[in-house]
Amino acid sequence: MKIFICTDAEGISCLDKKELITENTVEMRTRLMADVNAAIRGAFDGGADAVEVVDGHGGGNNFLPGELDLRAVQLPGSALTKLDADAVFMVGTHAMSGTPNAFYDHTQSSETWHDYYLNGRRGGEMLQMAAWAGAYGVPLVMVSGDHAACAEAREFFGNIRTACVKYGIDHCNAECLPAEEAERLIYQAARDAIALIPKIRPCRINLPAEIVVEFNRTDHCSAVLAANPGLEQLDGRTLRRVSRTVTAYTDVLL
Ligand SMILES: [Zn+2]
């Protein structure tokens, strides 16, 4: 039983201000290690015999060297081109852009992406990860993050295990559970998620898949179009493309 964990930073426990994340603080990196290690412990105690982890926030380089649980294997971000696992966990994730009372809500880019649609359904990064994993027949079974991220996970994926480690007050502020409580919840969700794997249906999207991104501004849109002339422009700030297959994670992005 192999678990693939993708980490993010915004939904990590005990980080209650946006600057703690945007400034890539030691506090952020320390809490990231605590949360991911709690998930790894839970996975092994639940019956996993291998855990692979990608440091997924901002292109990586957030893990503190030597601090990852030695039983887990860290993969580079480039590993998101294929998936070899029985289930996926997302640790430290966040709600999609536009979610109220959510800490650091965004989808891919908080600066430039306004909304994302996959086959007509508005979604965020959990949908993107689950759709990619689903192309391999692998379910997303565990999520940790703020209250809004956990609610989004259940709305999209039903009865998966969620660990709510904080409550978003607004985009920049959150109210956090104590560290030990947050780690305990992550551990439990991870451990209990293993038994759920056969019961959770992978998120299989219809192919070809339509990807639509509405940007915040017209210049954001034209910059992406200039770099990717194959995209179709729907209006001043919206681009569309069609993916015939989903192999790499980027196949569900623009
Ligand atoms: Zn992030």
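What share of the 254 residues in the protein chain is buried? I looked this up before anything else. Buried residues come to 46%. I keep in mind that this is a predicted model.

**Overall form.** Along the principal axes, the C-alpha atoms fill a box of roughly 50 × 35 × 30 Å. I then turned to contacts between residues at least 6 apart in sequence. Of these, 66% join residues at least 24 apart.

**Elements.** I found 6 helices and 12 strands in the protein chain. I followed helix α2, residues 26-46. Its 21 residues reach 30 Å from the first C-alpha to the last, close to the expected 30 Å. Just after α2 comes glycine 47, with a positive phi of about 125°.

**The sheet.** I traced an open sheet of 7 strands with mixed pairing. The order reads β3-β2-β1-β4-β7-β8-β9. From one strand to the next, the twist averages 25°.

I took a closer look at one pair. Strands β1 (residues 2-7) and β2 (residues 50-55) run parallel and are joined by 6 bridges. Phenylalanine 4 has glutamate 52 in β2 as its bridge partner.

**Helices on the sheet.** Which strands does helix α4 touch? I noted β4 (87-93), β7 (140-146) and β8 (161-168). Helix α4 (residues 147-157) makes about 155° with the direction of β7. Helix α5 (residues 179-196) lies across β4, β7 and β8. I read its angle to β8 as about 155°.

Technical notes: Residues are numbered from 1 along each chain as its sequence is written. This is a predicted model: local features need pLDDT of at least 70, side-chain atom pairs count only at pLDDT 80 or more; totals for chains, interfaces and linings use all residues. Helices (H or I, at least four residues) and strands (E, at least two) are DSSP runs, numbered from the N terminus. The expected span of a helix is 1.5 Å times one less than its number of residues. A residue is buried if 20 or more other C-beta atoms lie within 10 Å of its own, exposed if 12 or fewer, and partly exposed in between; C-beta atoms are placed from the backbone. Two residues are in contact if their C-beta atoms, placed from the backbone, lie within 7 Å. Two strands pair if DSSP finds at least two bridges between them. Axes are lines fitted to C-alpha atoms, for helices over the stretch in contact, and angles run from 0 to 180 degrees between N-to-C directions.
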